[in-house]
Amino acid sequence: MNCIIVDDEPLARAEMRSLIAEISSMDVLGEFSNAPSALEFLKDNEVDLIFLDIEMPMVTGLEFVEMLPKKSLIIFTTAYSQYALKSYELEAVDYLLKPIDPQRLKKAIDKAVLYTELLSKDTVKNTVESNTADFLFIKAERRFYKISFSDIKFIEGLKDYVVIHTKQQKLITAMNLKTIHQKISGETFIRVSKSYVVNMNFIDSFDNHNIYIEDSEIPLGEVYRADFLQNLPEDFSTQTNT
């Protein structure tokens, strides 16, 4: 898997390259101090993953993402926490706050590697063939897989696909988040941001900005917060009202 680093600070680029070298065999193809130069490089080179700063001169990281080819995955690296929700709306793989924690970076890279594998040409042929009140049938590699709603922890939008996170595995299928949300139980599954639908029964904790399911941190969008709080399981609702 290869990557590039886009950051206007030379020290930040050097630190990121050093951290990547320590925890991953990823091939760093280049470093860029601004978005236009990175975009020029992308015209002639296929890049799997981009480590991208947000506040940069000329073109911000958020603006840059809108110009990118669909293929490249994004991990934002920034000193500013207020951009977190917007980054997930742009379907970033992860959002890392500076100074970068090596373990947090490793987790983000592992996630990007997994999604690169899921987005390979063999897996994106997966399709939702049918659904009942309790489960989906997903067709993958000439087999039909029964996915019980009770096993789904959350569903994540990723480019033109959704990643279904179950207790046993992760499956990707060519469908947008709105469509698959319509196929599953509305009482148990709730949209919490532009890119996520969660199973309320798997929530471990939450705060004003994030929902936590095991080791996954899921952004809670402002426009979805009121509906989320209204639909909380009774044990959570009792605690938040005391």
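Mentor: With a term: a residue is called buried when its relative accessible area is under 20%, exposed when that area is over 50%, and partly exposed in between. Keep in mind that the model is predicted. Here, Phe32 and Phe41 are both buried.

Trainee: How is a pair of aromatic rings described?

Mentor: The distance of the centres and the angle of the planes describe such a pair. This structure has six aromatic pairs. One of them joins Phe32 and Phe41, with 5.1 Å centre to centre and 45° between the planes, and is tilted. Tyr80 and Tyr83 make an edge-to-face pair, at 6.4 Å centre to centre and 80° between the planes.

Trainee: Is Tyr80 buried or partly exposed, and why?

Mentor: Tyr80 counts as partly exposed because its relative accessibility is 36%, and that value falls between the limits of 20% and 50%.

Trainee: Which ring has the charged end of Lys146 over it?

Mentor: That of Phe135; the charged end of Lys146 is 4.4 Å from the ring centre.

Trainee: Now the sheet. In what order do the strands lie?

Mentor: The order is S2-S1-S3-S4-S5, an open sheet of five strands with parallel pairing. S2 and strand S5 (94-97) are the edge strands, each pairing on one side only. On average, neighbouring strands of this sheet are turned by 20° against each other, direction ignored.

Trainee: How many bridges join S1 to S2, and how many join S1 to S3?

Mentor: Strand S1 (residues 2-6) and strand S2 (residues 27-32) pair in the parallel sense over five bridges, and Ile4 stands opposite Gly30 in S2. S1 and S3 pair over four bridges, also in the parallel sense; there, Cys3 stands opposite Leu49 in S3.

Trainee: Which residues does Phe51 touch?

Mentor: Leaving out residues up to four places away in sequence, its contacts include Cys3, Ile4, Ile5 and Val6, and also Met16, Ile20, Leu105 and Ile109. As for spacing, Phe51 and Met67 are 16 residues apart along the chain, and their C-alpha atoms are separated by 15 Å.

Notes:
Residues numbered from 1 in each chain as written. Predicted model: local features only at pLDDT ≥ 70, side-chain atom pairs only at ≥ 80, totals over all residues. Heavy atoms only, no water. Phe/Tyr/Trp six-rings, centres within 6.5 Å; stacked < 30°, edge-to-face > 60°. Buried < 20%, exposed > 50% of the residue type's maximum accessible area, 1.4 Å probe, protein only. Lys NZ or Arg CZ within 6 Å of the ring centre and 35° of its normal. Contact = heavy atoms within 4.5 Å. Pairing = 2+ DSSP bridges. Helix = DSSP H or I, 4+ residues; strand = E, 2+ residues; numbered from the N terminus. Axes fitted to C-alpha atoms, helices over the stretch in contact; angles between N-to-C directions.
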